[in-house]
Amino acid sequence: MEQRTLQEFVGLLSGADPVPGGGGASALVGALGCALGGMVGSLTVGKKKYAAVQEKILALKARSDALQQELLSLINRDAEAFAPLARAYGLPRETAQQQEERQRVMEEALVGATEAPLAIMRCCAEAITLIEGYAANGSAIAISDAGVGAAFCRAALDGASLNVFINTRLMTDRQRAAAFDREANALLDEYLPRAEQVFDTVRQQLC
């Protein structure tokens, strides 16, 4: 999926097929946020004014480049995880035995379909931490890019969470569902305000 052109991806996203969907789109937006952080790093490295923080920026850049690729790969993982769930919805349920088998297959598919957007959320949370570092130490001429990166990662984190919650509400294993929900909510509670803080700080510097 990540090898498609932007035009192809957006066309697929607006079509009737269930994939790519909100999870894949969130992964792409998170990758763009990482890339914007990487731009700040690229515009900072090698500048005399920022020599004192160069090693810190290089470390941020190495990790954000890797995270960017991880998020791109999660576009595919999210699509692949949804396929078994789509098949499960189509299983027959006329007899009690068929209903039981359908529920078993659906439960297993729901777990996979939840783990993918949760992985996207973890990556976006880490990306927000990296962008905090870029905003605090990076080149002033690229500070707006750090702010946009924070906004993108915030949106991706929020978006991926909805793909977690839509699946956990259907799980019959409520203990497992609650564990997924707790992690997702913990990520939202910690990292949404941090992303907003970066964005607000950048806006205050520019306005």
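Reply: Let us begin with handedness. A crossing is left-handed if the near helix is turned anticlockwise from the far one by less than a right angle, and right-handed if clockwise. In this predicted model, α3 passes α4 in a left-handed crossing.

Me: Which classes of residue make up the contact of α3 with α4?

Reply: That contact has 24 nonpolar, 4 polar and 9 charged residues.

Me: At what angle do the axes of α3 and α4 cross, and how close do they come?

Reply: The axes of α3 (residues 54-89) and α4 (residues 96-137) cross at roughly 160° and come within 9 Å. Angles over 145 degrees count as roughly antiparallel, and α3 and α4 are therefore roughly antiparallel to each other.

Me: How many disulfides does the structure hold?

Reply: A disulfide is a covalent bond between the sulfur atoms of two cysteines. The structure holds 0 disulfides. For Cys34, the nearest cysteine sulfur belongs to Cys153, 5.1 Å away. Cys153 also carries the cysteine sulfur closest to that of Cys124, at 5.6 Å, which is too far for a bond; the cut-off is 2.5 Å.

Me: Are Cys34 and Cys124 buried or exposed?

Reply: Buried means under 20% relative accessible area. Cys34 is buried at 3%, and Cys124 is buried at 1%.

Me: Where is Leu36 found, and what does it contact beyond its sequence neighbours?

Reply: Leu36 is found in helix α2 (residues 22-44) and counts as buried, at 16% relative accessibility. Leaving aside neighbours within four places in sequence, Leu36 is in contact with Asp145, Val148, Gly149 and Phe152.

Terms used:
Residues numbered from 1 in each chain as written. Predicted model: local features only at pLDDT ≥ 70, side-chain atom pairs only at ≥ 80, totals over all residues. Heavy atoms only, no water. Axes fitted to C-alpha atoms, helices over the stretch in contact; angles between N-to-C directions. Helix = DSSP H or I, 4+ residues; strand = E, 2+ residues; numbered from the N terminus. Parallel < 35°, antiparallel > 145°, perpendicular 65-115°, else oblique. Nonpolar A, V, L, I, M, F, W, Y, C, P; charged D, E, K, R; others polar. Buried < 20%, exposed > 50% of the residue type's maximum accessible area, 1.4 Å probe, protein only. Contact = heavy atoms within 4.5 Å.
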